[in-house]
Amino acid sequence: MTIFAVLSKAKPEWFSAKGQTTGAFNGTLFLAFFLIGVASTIVASEFQHGTIKALLYRKYYRGEIFASKVITLFLFSIVNYVLIFLYTLILKFVLFSNVALDAKVGKTTVLGQLGLDLVGSFIGIWLILALVLLIANLFKTGSAAITIGILSYFAASILQIAQSFAIEKWNWLKWNPLNMLNVGAQISDSTFKSVTKLSTPLLTTGSLVYTVIFLLIGYYIFKKRNV
Amino acid sequence: MENILEVHQLSKHFGKKQALNNVDFTVGKGRIVGLIGPNGAGKTTIMKAILGLFSYEKGQIKIDNHPVSEASHQALAKVGALIEYPAIYPYLTGLDHLKLNATGDATTERIDQLVKQMKMESYINRKAKNYSLGMKQKLGIALALINQPELVILDEPMNGLDPQATKDLRDVIMSQAAAGTSFLISSHILSELEKLVSEVVIIDHGEVIKQATIANLNHQENDFIMLKTSDDAAARTSLAQVGITTAEAPGLVFNQTPSATLALVIKTLVKADIDIYDVVHQGEDLEASLLSILHNEKKEA
Ligand SMILES: Nc1ncnc2c1ncn2[C@@H]1O[C@H](COP(=O)(O)OP(=O)(O)O)[C@@H](O)[C@H]1O
Ligand SMILES: [Mg+2]
């Protein structure tokens with residue numbers, strides 16, 4: 001984040017100060033990778049070190065252990081998003097006194113846009129984290145889960161053109177989970193609707209539903225697992 | 001006598017392979033029971049089923065009269081275990097592990113006492129990733145004991161321990177058992193359990209062959225003699241011709257009975273022109289008893 005902030009200070013023609021501020025100085029990008037790593041590690045390392053056995057043979061139910069992992073990750077991600085928000089504000093005050101928080105950005109303000117960006121990114125990353133937890137439980141290794149997590153982080157944008165063609169042709173495809181990965185982009189920029197063909201509330205609900213579905217499948221695998 | 005653990009008609013498949021077949025045994029309160037059998041016999045699988053780590057198709061497991069399965073874990077609050085290899089986080093110290101796992105009152109005192117008893121003071125504050133196999137194994141056992149469980153399940157606990165550490169562990173187990181804790185301990189090496197257990201459950205190919213007290217085992221006719229000859233295969237054939245069966249062990253092992261005496265064996269071999277290099281009397285220890293049981297099982301089959 002600091003690097004992007006300093007760069008946009010030094011080379012305003014590369015990165016706009018306003019755009020960087022509303023985009024939390026790319027903090028969410030790095031946070032996404034970090035959280036994907038954490039999510040896969042807190043599951044896979046238990047299998048790798050065999051410590052999962054020691055957790056499971058106690059009086060706890062498997063659901064409690066799975067839930068404790070998800071809740072830990074959830075709180076951890078919230079804390080990190082709050083930190084990013086605060087750090088963005090600090091960077092702004094230190095480096096960019098010319099960017100006013102209440103300056104207009106489209107229909108909202110710089111602060112409002114920053115908020116939308118973070119919320120959108122949060123909902124989007126949880127869709128991916130749920131998938132990562134599922135994969136980590138399935139394969140018991142972190143690398144597969146991390147790879148798939150990072151791929152799906154980029155999948156929406158890489159496959160965007162192909163996907164929008166497909167959705168034009170088969171309208172129901174707009175409900176596929178890949179389309180839901182656009183939720184972050186659409187929350188921060190509502191013109192994305194033309195790509196996803198879903199209203200922002202529907203897209204948000206859709207990705208929350210997929211998040212829950214992935215978590216439930218992950219839980220089911222975890223429950224049935226012989227360790 | 002009351003039982004802390006009851007395993008009844010337990011069966012489990014892995015795909016087509018039948019890993020456990022109607023396994024039946026009990027562990028009485030305050031007893032130390034050995035679960036003994038060759039590698040692949042199903043010892044670890046039984047223990048994992050008891051701990052709710054494996055599902056099973058058929059049977060019943062009760063701990064202190066409460067049923068246990070993958071989906072019902074309440075009774076496991078009374079159990080401590082070490083299965084396969086110790087569950088250790090590499091970046092925590094031994095002490096961290098104990099603190100993390102200890103619940104209830106006076107945890108600090110209990111940890112101190114256990115560390116001292118198991119002679120782990122010198123490395124308990126080091127990160128576990130630098131531990132030797134034996135140190136990890138000891139830490140794993142300490143973790144199984146830390147919450148003063150009523151039943152302790154140890155899967156091949158002597159693995160990787162040197163003779164001194166083995167003795168330390170034996171002393172710890174003995175003193176815990178004297179205080180009323182029950183143990184189920186598996187091993188494929190009989191001699192290491194012989195000094196420890198009061199009862200054995202012998203298992204092979206997923207079936208319980210026998211549950212007996214050590215005293216009972218030793219009362220059987222198990223006078224085993226092992227020979228080294230110039231041609232074991234030919235010796236086997238000649239002995240079979242006079243009606244003496246030999247166990248499928250390394251070397252030539254037979255069970256001395258009134259009809260199959262050492263004298264007869266030697267005469268037979270000399271007649272067949274086979275040289276005898278060595279005769280070892282295996283005596284009446286646990287090893288011989290197991291051999292005899294496995295031997296008899298083969299005869300019956
Ligand atoms: N997770 C598993 N999947 C398939 N087969 C298994 C699994 N665990 C154990 N087995 C098989 O079950 C049998 C018993 O294994 P195990 O209980 O580990 O034996 P032991 O601990 O007595 O050496 C072996 O034939 C083994 O190959
Ligand atoms: Mg085993």
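The largest cavity is lined by A:I42, A:V43, A:E46, A:F47, A:I52, A:I65, A:F66, A:K69, A:N137 and A:F222. A cavity here is a set of points, on a 1 Å grid over the protein atoms alone, where a 1.4 Å probe fits but cannot get out, and lining residues have an atom within 4 Å of a point. This is a predicted model, in which local features need pLDDT of at least 70 and side-chain atom pairs count only at pLDDT 80 or more, while totals for chains, interfaces and linings use all residues. Residues are numbered from 1 along each chain as its sequence is written, chains are lettered from A in the order in which they are written, and side-chain values use heavy atoms, with hydrogens and water left out.

The count comes to 1 cavity of 30 Å³ or more, and about 60 Å³ of space lies in the largest cavity; the volume is the space filled by probe spheres set on the grid points, which are joined across faces, edges and corners. Its lining has 7 nonpolar, 1 polar and 2 charged residues. Nonpolar covers Ala, Val, Leu, Ile, Met, Phe, Trp, Tyr, Cys and Pro, charged covers Asp, Glu, Lys and Arg, and the others, Gly among them, are polar. Helices α3 (27-48) and α5 (62-95) of chain A each supply at least two lining residues, and α3(A) gives the most, with 4. Helices are DSSP runs (H or I, at least four residues), numbered from the N terminus.

Two of the lining residues, A:E46 and A:K69, also form a salt bridge, with their closest N and O atoms 2.7 Å apart. This pair links helix α3 to helix α5 of chain A, across 23 residues. A salt bridge is a side-chain nitrogen of Lys or Arg within 4 Å of a carboxyl oxygen of Asp or Glu. Over all chains, the whole structure holds 12 salt bridges.

Turning to the interface, the contact (heavy atoms within 4.5 Å) takes 21 residues from chain A and 27 residues from chain B. The two chains bury about 1900 Å² between them, 50% of it on carbon and sulfur atoms; buried area is the accessible area (1.4 Å probe) lost on putting two parts together, summed over both. Across this interface there is 1 salt bridge, in which the side chains of A:K53 and B:E84 meet at 3.2 Å, N to O. On the side of chain A that touches chain B, α3, α4 (51-56) and α12 (200-224) each supply at least two residues, and α4(A) gives the most, with 5.

Definitions and conventions
1 Å grid on protein atoms, 1.4 Å probe; cavity = no way out; pocket = protein on both sides within 12 Å on 5 of 7 lines; lining within 4 Å.
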